[in-house]
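Look over the sequence and the fold, then read the notes by topic.

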Amino acid sequence: MKVLAFAVSMLFHPLLLPLYVLFITFNTGTVFTYIPAYTQNMSYLLTLLGVTLIPLLCLPLLKWLGLIEGYRLVQKQDRVFPVLVTIVGAFIVFYFSRNLPYSNIVRQFYLIMVIMLSGFMIVTIRWKISMHMTAIGALCGFVFILGMKYLGDVINLLPLLILASGLVASARLYLKQHTPAQVYVGYIYGAAAVVAIMY
């Protein structure tokens with residue numbers, strides 16, 4: 001059971017969810033499906049570099065500098081600097097995507113990500129909330145907006161993501177990484193922030 005909980009946590013890791021957001025954006029029948037392939041591919045590449053690889057590659061440096069205790073970021077204070085690095089990475093992607101044709105939705109997504117992560121970091125200084133649940137809550141909120149505002153074909157996807165959110169929450173609780181309050185607040189914060197900003 002522990003292996004399954006760990007696998008669910010890895011599959012829905014916060015560093016991977018921006019890639020899922022792009023895939024859903026480009027494949028749910030909205031106007032964004034018709035964004036040129038070049039822009040789509042460059043968006044994937046910039047995302048992979050900016051908000052997946054840069055934060056991962058910075059972890060050994062942060063540990064060497066004594067800014068984090070370990071790579072699992074168990075303590076709330078361990079999360080502040082990695083989140084700050086991710087904010088910088090998201091802003092870099094936001095900046096470099098400005099020259100991509102028809103990339104407004106991608107740039108909007110990264111601006112939302114910078115705002116959300118900034119709020120998350122401020123809360124984390126005082127209280128630990130679930131980064132996994134914040135990320136999947138944001139994904140659910142984003143998919144909801146794709147369906148409501150952009151008429152995306154998400155009627156089957158959204159229930160699956162809500163079910164996945166339950167699995168992630170159960171996994172985080174089973175692994176004793178969070179309390180129920182930290183899980184619920186993370187999910188509500190992620191979903192509500194995206195819906196409020198985008199709607």
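Leaving aside neighbours within four places in sequence, V195 is in contact (heavy atoms within 4.5 Å) with G141, F144 and I145. V195 is found in helix α8. Helices here are DSSP runs of H or I with at least four residues, numbered from the N terminus. This is a predicted model: local features need pLDDT of at least 70, side-chain atom pairs count only at pLDDT 80 or more, and totals for chains, interfaces and linings use all residues. Residues are numbered from 1 along each chain as its sequence is written, and side-chain values use heavy atoms, with hydrogens and water left out.

- V195 counts as partly exposed because its relative accessibility is 25%. The scale is relative accessible area with a 1.4 Å probe and protein chains only: buried is under 20%, exposed is over 50%, and partly exposed is in between.
- V195 and F6 are 189 residues apart along the chain, and their C-alpha atoms are separated by 29 Å.
- L11 lies in helix α1. Its relative accessibility is 47%, so L11 counts as partly exposed.
- Not counting residues up to four places away in sequence, L11 touches L16 and Y20.
- L11 and V168 are 157 residues apart along the chain, with 9.2 Å between their C-alpha atoms.

**Helix α3**
- Helix α3 covers residues 37-64, which is 28 residues. From first C-alpha to last it reaches 40 Å, close to the 40 Å expected at 1.5 Å a residue. The expected span is 1.5 Å times one less than the number of residues.
- α3 bends by about 40 degrees at L53. The bend is the angle between axes fitted to the seven residues ending at a residue and the seven starting there. A proline, P55, follows within four residues.
- The buried residues of α3 include T39, Q40, S43, L46 and T47. Also among them are G50, V51, T52, P55, L59 and L62.
- These buried residues of α3 pack against α2 (17-26), α4 (76-96) and α5 (104-126).
- Just after α3, G66 takes a positive phi of about 80 degrees.

**Largest pocket**
- The volume of the largest pocket is about 820 Å³. A pocket is an open set of points on a 1 Å grid over the protein atoms alone, where a 1.4 Å probe fits, with protein on both sides within 12 Å along at least five of seven lines. Volume is the space filled by probe spheres set on the points, and grid points are joined across faces, edges and corners.
- The lining has 37 residues; lining residues have an atom within 4 Å of a point. H13, P14, L15, M131 and H132 lie nearest the pocket centre.
- α1 (2-11), α2, α3, α4, α5 and α6 (131-148) each supply at least two lining residues. The largest share, 7 residues, comes from α6.
- By class, the lining has 28 nonpolar, 6 polar and 3 charged residues. Nonpolar means Ala, Val, Leu, Ile, Met, Phe, Trp, Tyr, Cys and Pro; charged means Asp, Glu, Lys and Arg; the others, Gly among them, are polar.

**Positive phi in loops**
- Y102 is found in the loop between α4 and α5. Its phi is positive, about 60 degrees, although Y102 is not a glycine.
- Y102 counts as exposed because its relative accessibility is 62%.
- K176 lies in the loop between α7 (157-174) and α8 (180-198). Its phi is near 60 degrees, a positive value in a residue other than glycine.
- At 73% relative accessibility, K176 counts as exposed.
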